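This briefing concerns the protein chain shown below.

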Amino acid sequence: MGAASAISLGDPLEGLDLPPSATGVLIIDLEALIRNYFKLRDEAAPAECAAVVKGIGYGLGACEVASALFANGCRTFFVATLSEGETLREALPDSVIYVLDGLLPGSGPDFAGLGLRPVLGDMAEIEEWARFCQINEQKLPAALHADTGMNRLGLKAADQQRLIEKPERLDAVSISLLMSHLACADEPERRENALQRERFVRFAANIPSAPLSLANSAGIFLGPEFCFDLVRPGIALYGGNPFSKRTNPMEQVVSLYGRVLQIGEAQTGETVGYGGAFQLKRPTNYATVAVGYADGYLFALGSSDKRSGAPAYFRGQPLPILGRVSMDLIVFDITDQPQNSIHRGDFVELIGPHFTVDDTAAFAGTIAYEILTSLGPRYTRIYRGGLG
Ligand SMILES: *Cc1c(COP(=O)(O)O)cnc(C)c1O
């Protein structure tokens, strides 16, 4: 598979050195990611702006994303799992990496060996980390996670009280961050936000002092009183809207193009795709594109006689989807395009300036997080810009 110059490219892909066999092309704009980082950093200043790169960097590649951010000043990263931490540690030997899932029984030596910091959210975890520190005669850093109302991970109220009454339980460890997580920050008007903040502040005031962190992406926009010492944005870095009901202040980072395999035509009354779910109401020209739900282009984006689906775009013009999304294929209506404008080997925009990650999520009845983390392994991934 050599480099290709002969393939016919849609405009946004002009000049890219794509393999001739490319089916889907995912472009990740690291310059936009960094501008998003600067925006969040400036919004949260003087708090430190960390980056959440769990879920393999929200589907965009944790090492690529984190390396670009590190080159632009970001020093603290959050991953979900120890194995994500191990991968990131190799790429960034000098960064601070927290593992949100915390300490699984027996994993102390892995954390210490890789220089990773567990986010401790339970008495048993605290005790195990303390024992491990004592054995190693070293106060190793960890974050302490207080649950202030989300009921997911973190020290419950009763355990917080036990720590307040016996703070010496923390004597053997080094708490480098005290954190909590907001459940409803994407809806700024919800009173739970202030309530969680209040509980967080009250707990923090009663245990040995450490840098504080409460805000995710949306939390940063709740105002300076939510930013404390360190903020932990994820989705907003990647261009997703941190709000559920306001316009998106962030820049798009991802665009996705699908390759046209075949052009065809069908008559009024014929159906397209599995289940004959979509019946044509006019003589139709269509393009079959080499992306499907196996690539994370969700089944829910398809159409039927009863419901319209997500469009693709070609030179800025919408192409309605025809019928169900297959595992590896989707079909789009090109009847309204100028004759002979779309050819085998062309690319159509599936996610991009005309149809964003948020638009895609809304069409599929899901959230941008799921669209991003579903982006499949078969795409040709192209990173634009990003270093220093
Ligand atoms: C995922 C996560 C974040 C980032 O949330 P976004 O909404 O993507 O900004 C921050 N903190 C914790 C604990 C998380 O689990």
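A residue is called buried when its relative accessible area is under 20%. By that criterion, buried residues account for 53% of the 388 residues in the protein chain. The model is a predicted one.

**Overall build**

- The protein chain contains eleven helices and 19 strands.
- The C-alpha trace of the protein chain extends about 75 × 45 × 35 Å along its principal axes.
- Of the contacts in the protein chain between residues at least 6 apart in sequence, 66% connect residues at least 24 apart.

**Helix H1 against helix H3**

- Helix H1 spans residues 30-44 and helix H3 spans residues 62-71; the two pack with their axes 10 Å apart, at an angle of about 55 degrees.
- The crossing in which H1 passes H3 is right-handed.
- H1 contributes Leu30, Leu33, Ile34 and Tyr37 to the contact, while H3 contributes Glu64, Val65, Ala68 and Leu69.
- By class, seven residues of the contact of H1 with H3 are nonpolar, none is polar and one is charged.

**Helix H3 against helix H4**

- Helix H4 comprises residues 82-91, and the axes of H3 and H4 come within 10 Å and cross at roughly 45 degrees.
- H3 and H4 are therefore also oblique to each other.
- H3 passes H4 in a crossing that is right-handed.
- On the H3 side the contact is made by Ala62, Cys63, Ala66 and Ser67, and on the H4 side by Thr87, Leu88 and Ala91.
- The contact of H3 with H4 consists of five nonpolar and two polar residues, with no charged residues.

**Strands E14 and E17**

- Strand E14 (residues 284-289) runs antiparallel to E17, and four bridges join the two strands.
- Thr288 has Val331 as its bridge partner in E17.
- Strand E17 covers residues 330-333; Ile330 and Phe332 point one way from this strand, whereas Val331 and Asp333 point the other way.
- In a regular strand, side chains alternate between the two faces of the sheet.
- Ile330, Val331, Phe332 and Asp333 are all buried.

Notes: Residues are numbered from 1 along each chain as its sequence is written. This is a predicted model: local features need pLDDT of at least 70, side-chain atom pairs count only at pLDDT 80 or more; totals for chains, interfaces and linings use all residues. Side-chain values use heavy atoms; hydrogens and water are left out. Buried means under 20% relative accessible area, exposed over 50%, partly exposed in between (1.4 Å probe, protein chains only). Two strands pair if DSSP finds at least two bridges between them. Axes are lines fitted to C-alpha atoms, for helices over the stretch in contact, and angles run from 0 to 180 degrees between N-to-C directions. A crossing is left-handed if the near helix is turned anticlockwise from the far one by less than a right angle, and right-handed if clockwise. Contact means heavy atoms within 4.5 Å. Ala, Val, Leu, Ile, Met, Phe, Trp, Tyr, Cys and Pro count as nonpolar, Asp, Glu, Lys and Arg as charged, and the others, Gly among them, as polar. Angles under 35 degrees count as roughly parallel, over 145 as roughly antiparallel, 65 to 115 as roughly perpendicular and the rest as oblique.
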